[in-house]
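Let's take a friendly walk through one protein model, a piece at a time. Have the sequence and the 3D view open as you read.

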Amino acid sequence: MFDEGWMIQAWHSGFDDRARAIVEARAAGRTLEEAGAEFRVSRERVRQIITQLQRRHAAMTDIAHQGWRETLRAVGAAPAVRREAFAAALGVRDHVVLELNLLEAGLNAPHTWVGPLRGWWTAHPDALDAALRRLVASAPLAGDALREAARTAGVPEGIPLTGLLDDPRSKVAPNADRHWVRRKARGRDSAYLYLLEAGRPCTAEELLKPMSVATEKAAREALRRDDRFVLSRPEGSWALAEWSHLRLTPFSNAVEALVAVVTEHGPIARGSLFAKVTELYPVTAWRLTQCLLSDQIGETADGLIDLVTRGAQPIEEAEPAQPATMAVHGDVLGARIPVDRDVLRGSGVRVNSWLTWRLGLRQAPMSRTFATFGGHAPLSVRRGTSVAQVSSLRRHALELGVVDGCVLALVLNLREGSAQVHHGCEEEACPARATSST
């Protein structure tokens with residue numbers, strides 16, 4: 001055990017003023033470059049001075065106490081230990097000069113994603129970083145569960161955890177409710193914690209605020225991409241997949257449910273098929289009729305529904321009624337598309353299925369791609385089971401200067417395989433021209 005006053009006496013009698021100042025600067029977190037600039041010496045000279053002081057102080061400590069290195073290493077076996085704990089183990093007052101002994105014993109500041117954790121020491125510099133990453137991997141975390149999760153991950157008590165997690169280099173961040181969510185999944189993680197706290201399914205509208213999104217469509221699209229959430233039908237609310245006490249469908253859409261029933265039961269009459277599917281996935285008969293256009297489903301010679309892979313012939317719908325917004329002239333198809341927020345935001349554009357029927361896209365999913373001009377990406381038209389869709393027209397809309405309420409004219413040349421997009425408004429009734437004139 002040290003005489004408590006011995007180390008302080010050594011600090012004042014064994015080091016000159018500049019040496020003490022350099023040790024204090026490094027202990028305060030200054031880099032070698034910063035300390036060198038402060039004392040007008042090179043980075044390498046600062047390192048040399050620290051090394052010389054370290055060895056001199058170690059020799060002085062050897063005279064006063066044998067086995068001090070082993071004592072420090074034993075205390076430093078944990079991922080991170082405060083400097084005062086080492087002082088207590090040696091029976092001395094906590095003082096900056098102790099850091100020279102810690103360095104000599106092979107200890108270092110613990111590593112974190114924000115850099116070395118000053119004031120803490122360890123024999124295993126990477127251990128704290130590993131524990132913090134285990135903690136982050138368990139996100140999302142409710143605010144009141146953070147400390148317990150940290151203990152489970154092996155993060156020592158007293159670590160400035162909030163500061164580390166809130167740093168921009170951390171993979172988690174606090175949401176509006178001060179829960180910890182992943183930076184790249186803020187909305188979905190916030191929805192997960194909200195549902196967990198509510199203990200019941202919630203509508204997309206209820207989840208707008210916790211998810212910090214503007215529209216129910218955006219909320220639904222985000223939740224659909226995450227297998228932690230399931231859609232509870234027929235009411236259309238969202239629940240957690242881990243809630244085994246709820247009767248929730250394992251299917252993400254009606255096509256999956258229909259294919260599952262046909263796979264299990266084999267060739268089946270349409271009425272019986274629809275009845276069995278609605279037991280698993282409540283949905284309208286109209287929607288199921290649309291699902292029969294899936295390229296996985298077909299009809300046998302005796303009129304039963306079966307899988308195409310088992311020999312059934314794909315089902316084609318009769319030609320839909322031609323809408324007034326679409327026209328055909330030889331090898332050219334035209335469609336008038338109203339401009340709304342979805343078009344301006346870059347979403348895919350829903351169109352009447354007559355367009356895809358005329359393009360020969362009779363099953364789903366099927367698509368056809370058209371070349372464009374002016375450096376635009378190719379334009380695709382896709383047939384789904386319940387809707388047809390044109391790829392984003394946002395760049396065309398921006399170049400043409402259209403606004404919400406305008407009309408775009410889409411022209412598809414089937415013989416050339418090309419597409420053009422024009423401003424389709426009547427001049428006297430164009431919202432864009434009315435806006436510019438004011």
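## A charge over a ring

The charged end of arginine 362 lies over the ring of tryptophan 357, 3.8 Å from the ring's centre. A charge sits over a ring if NZ of Lys or CZ of Arg is within 6 Å of the ring centre and within 35 degrees of the ring normal.

Residues are numbered from 1 along each chain as its sequence is written, and side-chain values use heavy atoms, with hydrogens and water left out. This is a predicted model: local features need pLDDT of at least 70, side-chain atom pairs count only at pLDDT 80 or more, and totals for chains, interfaces and linings use all residues.

Helices (H or I, at least four residues) and strands (E, at least two) are DSSP runs, numbered from the N terminus. Four strands make an open sheet in the order E12-E13-E18-E19, with antiparallel pairing. At its edges are E12 and E19 (418-423), each of which pairs on one side only. From one strand to the next, the twist averages 20°, where axes are lines fitted to C-alpha atoms and angles run from 0 to 180 degrees between N-to-C directions.

Two strands pair if DSSP finds at least two bridges between them.

| Strands | Bridges | Residues standing opposite |
|---|---|---|
| E12 (residues 326-329) and E13 | four | histidine 329 and valine 332 |
| E13 and E18 (residues 407-413) | seven | leucine 333 and leucine 412 |

E12 and E13 form a hairpin with two residues between them, and glycine 330 in the turn has a positive phi of about 65°.

## A helix with one buried face

In helix H9 (residues 146-153), the buried residues are Leu146, Ala149, Ala150 and Ala153. Seen down the axis of H9, they fall within an arc of 105°, so they line one face of the helix; the arc is that of the directions from the helix axis to the C-beta atoms. These buried residues pack against helix H8 (127-137), helix H10 (161-166) and strand E6 (180-182). Just after H9, glycine 154 takes a positive phi of about 90°.

## A buried histidine

Histidine 376 is found in the loop between strand E15 (366-370) and strand E16 (379-383). Histidine 376 counts as buried because its relative accessibility is 12%. Leaving aside neighbours within four places in sequence, histidine 376 is in contact (heavy atoms within 4.5 Å) with Arg395, His396 and Glu399.

Methods
Buried < 20%, exposed > 50% of the residue type's maximum accessible area, 1.4 Å probe, protein only.
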